[in-house]
Amino acid sequence: MGERKRKRYRFPKGMRPSTLEERRIFYTEEFNLEKVEEWFKHRKIRNTAFAVIVGRHSDIYLPEYADIKNKAAIIDEHRGLGDVLKYILQYLPEGVYYDRNVYKELRGCERCGSYKDCWDCDNFLGQELAFDIDPENVHCPYHGSVKDKMERGEGLSFCMIEFRRVRKLTRELYEELKAEFKNIRIVFSGRGFHIHVFDRRAVRLTKEERGEIARMFSRFAIDPWVTNGEMRLIRLPHSLNGLVSRICIPIEPEKLPYFDPRREAIPSFLF
Ligand SMILES: [Zn+2]
Ligand SMILES: [Zn+2]
């Protein structure tokens, strides 16, 4: 059983991995498909691929999925969110993601084999630009640098000092991006923040331009693989982050400075 050798993480008070039953309760009773649909107003859900990771970081997963527990299981055969939800309830994953790539036809890139080389392919129309700002990437007076944390196997743990730093960096990055783009969203990911840019111009950026942007904004402790386009999956807003038991939610920029993960985005199974 997967739950035997569960890893230990250090999170701010009240945050902890969700059990399979809690995931089931969340996706049955609380997951808001209308809000997810609203998120996708800028693109077609029908042409969007989704993915689930059943237990990579939490080590909590249904035994029948032990051999895929660390992998992203891609959902590219669906007729909409209702179907996606069926897959989620089948897998009861620790995390749900969507593919930021925009395809002409959802399954048109199957023949390309690996999606990695689709930047020049006919079926590929672009990729939503995104920034992933995570607490492990900032230095902490108590827990050290990202290297120190990785060496101790604490790459996913975080404290409130690190969280406040990423919150401030997210705000600063948002302000800088506002000078360049119009349609920007901030999302609390469960540990840190994501910034999504929906502007058409951003979707059409080349791989080289994205690499340049990743370098330009590296001081904001972003994950370069998300911004440069290599990592095309991003956590689905309004889904459950099963590692910390928090809902991944969009945040109004003016509320960002006060956002506290110990008190907000809490799924009702914790009450
Ligand atoms: Zn392709
Ligand atoms: Zn720390």
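The questions and answers that follow concern this predicted model.

Me: Which element gives the most residues to the largest nonpolar core?

Reply: The largest nonpolar core holds 36 residues. The elements that each supply two or more of them are strand 6 (129-133), helix 5 (160-178), strand 7 (184-188) and strand 8 (193-197). The greatest contribution, seven residues, comes from helix 5.

Me: With which residues is L173 in contact, leaving aside its neighbours within four places in sequence?

Reply: L173 is one of the residues that touch the most other members of the largest nonpolar core, together with F131, F193 and I195. Once neighbours within four places in sequence are set aside, the contacts of L173 are F131, I133, I195, F217, F220 and I222.

Me: How many residues does the second, separate core have?

Reply: Among the members of this second core are V36, F40, Y65 and V187. The core is separate, and its residues number 35.

Me: Is D59 buried or exposed?

Reply: D59 lies in the loop between strand 1 (50-53) and strand 2 (72-75). The relative accessibility of D59 is 5%. Since buried means under 20%, D59 is classed as buried.

Me: What is the phi of S245?

Reply: Most residues other than glycine have a negative phi. S245, in the loop between strand 10 (240-241) and strand 11 (246-247), is buried with a relative accessible area of 0%. S245 is not a glycine, yet its phi is positive, near 55°.

Key:
Residues are numbered from 1 along each chain as its sequence is written. Chains are lettered from A and ligands numbered from 1 in the order in which they are written. This is a predicted model: local features need pLDDT of at least 70, side-chain atom pairs count only at pLDDT 80 or more; totals for chains, interfaces and linings use all residues. Side-chain values use heavy atoms; hydrogens and water are left out. A nonpolar core is a set of buried Ala, Val, Leu, Ile, Met, Phe, Trp, Tyr and Cys residues joined through side-chain atoms within 4.5 Å. Buried means under 20% relative accessible area, exposed over 50%, partly exposed in between (1.4 Å probe, protein chains only). Helices (H or I, at least four residues) and strands (E, at least two) are DSSP runs, numbered from the N terminus. Contact means heavy atoms within 4.5 Å.
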